[in-house]
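Please take a moment to look at the structure on the screen before we walk through it.

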Amino acid sequence: MHNKSRRRKDASIMKMMGALVAHFRRAAGLTQHQLAGQANVQPETIASVEQGRRSLVPALARVLDAIMDTKGALITALDHLPEVDLIPVWAEAYMDLEREALALSFFANQVLPGLLQTENYARAVFESRVPAFSQEEIDAHVVSRLERQEILRRKNPPTMSFIISEAILLAPLGGAEVHRETLRHLRACADLPGVALQIMPLARTTHAALDGPFILLETPDFQRLAYTETQRGSQLITDPDEISILAQKYAMLRTQAHNVEESKGLLERLGEL
């Protein structure tokens, strides 16, 4: 978790940039829907930026500058922000994007992605936290995690790819019963529409992502972003060069992992142990 002063600082920057967009939009005589239409983005994207709930990324800033004839004011403002303020680094920013994403790709090597966790597995994750959460905090985090999984049950869910280390499947987090329940749940998730679940075997002599887990996503505006987490922080990545590197890693991981059918078979065998 990030400290409160860091969170307030980043939120203030997002609100400031949102206020600039709203000011220039009104000066140009445009509604949010009209600006969204000209920028080829969803109206909700413009509304979220103006309300400070979503960061203004450079690609969109350039488009808005051109539409509203702001002489490059928005991209100039972004270019002169400290990097910590330009890139949203708290998980809530990622959650907003996750809810809207057209496509999501996860590589996990330590713990299951939140979208695939059962209630009992999620509880075991939060109970393992050091320093410890209170029971009330654990309950709240579990509820929040399960609410995220709504996107799996949508009529038109996003396209989702998961590459999961076999080590995660072998670790009995939460105990034997939770472990068996988790394996059965994963096998069921592997059959969900739009989901491709692959297991990365332990018995490999090469591995394309030894630097750790990451997530790739595509927004409704067809913008490609990436998200990474560490022990004490997180980062939403917008730099196309950095995203390209992670996309190359993910493509290689898909060739190194068991294919979808092999992964289903492995889940079935492990679930019988």
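I begin with Asn40, which is exposed because its relative accessibility is 62%; here, buried stands for under 20% relative accessible area, exposed for over 50%, and partly exposed for what lies in between, with a 1.4 Å probe and protein chains only. Before going further, please note that this is a predicted model, in which local features need pLDDT of at least 70 and side-chain atom pairs count only at pLDDT 80 or more, while totals for chains, interfaces and linings use all residues. Residues are numbered from 1 along each chain as its sequence is written, and side-chain values use heavy atoms, with hydrogens and water left out.

Asn40 sits in the loop between H2 and H3; helices (H or I, at least four residues) and strands (E, at least two) are DSSP runs numbered from the N terminus. Its phi is near 60°, a positive value in a residue other than glycine.

At what angle do the axes of H2 and H3 cross? The axes of H2, residues 32–39, and H3, residues 43–50, cross at roughly 115° and come within 8 Å. These axes are lines fitted to C-alpha atoms, for helices over the stretch in contact, and angles run from 0 to 180 degrees between N-to-C directions. On the H2 side, the contact (heavy atoms within 4.5 Å) is made by Gln32, His33, Leu35 and Ala36, and on the H3 side by Pro43, Ile46, Ala47 and Glu50.

A second residue with positive phi is Lys71, at about 60°, although it is not a glycine. Lys71 belongs to the loop between H4 and H5 and counts as exposed because its relative accessibility is 70%. Thr70 is found in that loop between H4, and H5, residues 73–79. Is Thr70 buried or exposed? Thr70 counts as buried, because its relative accessibility is 10%. Beyond residues up to four places away in sequence, Thr70 touches Phe24 and Asp65.

Leu56 lies in the loop between H3 and H4, the latter being residues 58–68. With a relative accessible area of 4%, Leu56 is buried. Not counting residues up to four places away in sequence, Leu56 touches Met17, Val21, Val49, Ala61, Leu64, Leu74 and Leu78.

Ser161 lies in strand E2, residues 159–165, and counts as buried because its relative accessibility is 5%. Which residue's side chain is joined to that of Ser161 by a polar contact? The partner is Tyr250, at 2.7 Å; a polar contact is a pair of N or O atoms within 3.5 Å, where, within protein, one must be able to donate a hydrogen and the other to accept it, and residues adjacent in sequence count only if both atoms are side-chain atoms.

Finally, a cis peptide bond joins Val130 and Pro131, with omega about -5°. Pro131 is in the loop between H8, residues 119–127, and H9, residues 135–148.
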